[in-house]
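Let's take a friendly walk through one protein model. Please have the viewer open and follow along.

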Amino acid sequence: MDLIDTHLHCSEHPDDLLLNFAKFNGLEYTLAELLDLMEKFGIECGLLLSPPLKHGSIVPNEQIIELCKKSHDKLFPIVTAEPSEKEMATAVKLAKRNEGFVKGFKVRLGYLEVFPDDPIFAPMFDYAESQNLPVLFHTGDTATSSGSLKHSHPLNIDALANKREALKIVICHFGNPWISDVGELIYKHPNVFADFSGLVAGEGAKYSEKYIESLSSKISEAIYFAGGAEKVFFGTDYPVETFASGLKLMRKLQIDEEDKQKIARTNAMRVFFSES
């Protein structure tokens, strides 16, 4: 089964906040390792995003684009856009300069105290709509204890989806722990999708197996509620989650093999690569 990984990190930056996750998972967290693991686990291609840095900013998008260029069409960049007029202009300019290569934008809800329908994002949304590019939103739990759950709750997406029906919206991490709420959002809005990346952050803990079973049941029930798996993507959030853990979760979903294939590849190709 070929897969598209809709959520990956790799920066090789010494202040990368995700280095502790990499260490915990026994990962080198380098471009070479990422590409080797993708080949080993049958990942056809992936989307690379800027990880957060220890002082609150992100690895520059330009660095992510350069890493993708080194991957020989295995990795494609998502531009992370911070909520200021200057950063919006810079993000759109960068996407225009790399048109066809950049596959969307990302907003870090929860890491920043901003809601998805804030007017500051309007220039990016306008451009994304004009180019049929998705906008990904971090939702749910954050990698730091200082994150704002009020801002990262997935139900905040509802107001934006009501206002922007032409905007392709991706809810990252399935809004965990508010998974059933995401089931409602992908059911209600034709333009809203979700990935289940980064949900298994390290195996081997006392209840890790039961936790994976619980996640499998909750995501499966959200898919039942939505009426099918056409709005759901596979992702790992490497190095937060290993490929083995992400695939284990997907295989445990209580859905048929046709829907698992949609989650693994077909849906992402349609939304990010315009493949019908």
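The sections below go from the core to helix packing and then to some backbone details.

## The core and Phe174

This is a predicted model. Its largest nonpolar core holds 92 residues. The residues with the most contacts inside that core are Phe105, Met124, Phe174, Phe196 and Ile263.

Is Phe174 buried or exposed? Its relative accessibility is 0%, so Phe174 counts as buried. Once neighbours within four places in sequence are set aside, Phe174 is in contact with Thr139, Ile179, Val182, Gly183, Ile186, Ala194, Asp195, Phe196, Ile219, Ala222 and Val232.

## Helix α8 against helix α9

Helix α8 covers residues 179–188 and helix α9 covers residues 208–226. The two pack at an angle of about 25 degrees, and their axes are 8 Å apart. Angles under 35 degrees count as roughly parallel, and α8 and α9 are therefore roughly parallel to each other. On the α8 side, the contact is made by Ile179, Gly183, Glu184, Ile186 and Tyr187. On the α9 side, Leu215, Lys218, Ile219, Ala222, Phe225 and Ala226 take part. Sorted by class, this contact has 8 nonpolar, 1 polar and 2 charged residues. As for handedness, α8 passes α9 in a right-handed crossing.

Phe225 is worth a look here. Found in helix α9, Phe225 is partly exposed, with a relative accessible area of 47%. Leaving out neighbours within four places in sequence, Phe225 is in contact with Gly183, Glu184 and Tyr187. Pro134 is 91 residues away from Phe225 in sequence, and their C-alpha atoms are 23 Å apart in space.

## Helix α9 against helix α10

Now turn to the pairing of α9 with α10. How do these two helices cross, and how far apart are their axes? The axes come within 9 Å and cross at roughly 50 degrees. That angle makes α9 oblique to α10. The contact brings together Glu209, Ile212, Glu213, Leu215, Ser216 and Ile219 of α9 with Lys248, Leu249 and Lys252 of α10. Its make-up by class is 4 nonpolar, 1 polar and 4 charged residues. The crossing of α9 and α10 is right-handed.

Leu215 and Ile219 are listed in the contact of α9 with α8, and both are listed in the contact of α9 with α10. Ile219 is also among the residues in contact with Phe174.

## Cis prolines and positive phi

Some backbone details deserve a stop. The peptide bond from Asn176 to Pro177 is cis, with omega near 15 degrees. Another cis peptide bond joins Tyr238 and Pro239, where omega is about 10 degrees. Pro239 belongs to the loop between β9 (232–233) and α10 (243–252).

That loop between β9 and α10 also holds Asp237. Phi of Asp237 is near 65 degrees, a positive value in a residue other than glycine. With 8% relative accessibility, Asp237 counts as buried. Tyr29 has a positive phi too, about 60 degrees, although it is not a glycine. Its place is the loop between α1 (19–24) and α2 (31–40). Tyr29 counts as buried, at 3% relative accessibility.

## Asn267 in helix α11

The last stop is Asn267, found in helix α11 (residues 257–272). Which residues does Asn267 contact, leaving aside its neighbours within four places in sequence? They are Ala229, Glu230, Lys231, Val232, Phe233 and Lys262. Asn267 is buried, with a relative accessible area of 1%. Between Asn267 and Ala166 there are 18 Å in space, C-alpha to C-alpha, and the two are 101 residues apart in sequence.

Note on methods: Residues numbered from 1 in each chain as written. Predicted model: local features only at pLDDT ≥ 70, side-chain atom pairs only at ≥ 80, totals over all residues. Heavy atoms only, no water. Core = buried A, V, L, I, M, F, W, Y, C linked by side-chain atoms within 4.5 Å. Buried < 20%, exposed > 50% of the residue type's maximum accessible area, 1.4 Å probe, protein only. Contact = heavy atoms within 4.5 Å. Axes fitted to C-alpha atoms, helices over the stretch in contact; angles between N-to-C directions. Helix = DSSP H or I, 4+ residues; strand = E, 2+ residues; numbered from the N terminus. Parallel < 35°, antiparallel > 145°, perpendicular 65-115°, else oblique. Left-handed = near helix turned anticlockwise from the far one by under 90°. Nonpolar A, V, L, I, M, F, W, Y, C, P; charged D, E, K, R; others polar.
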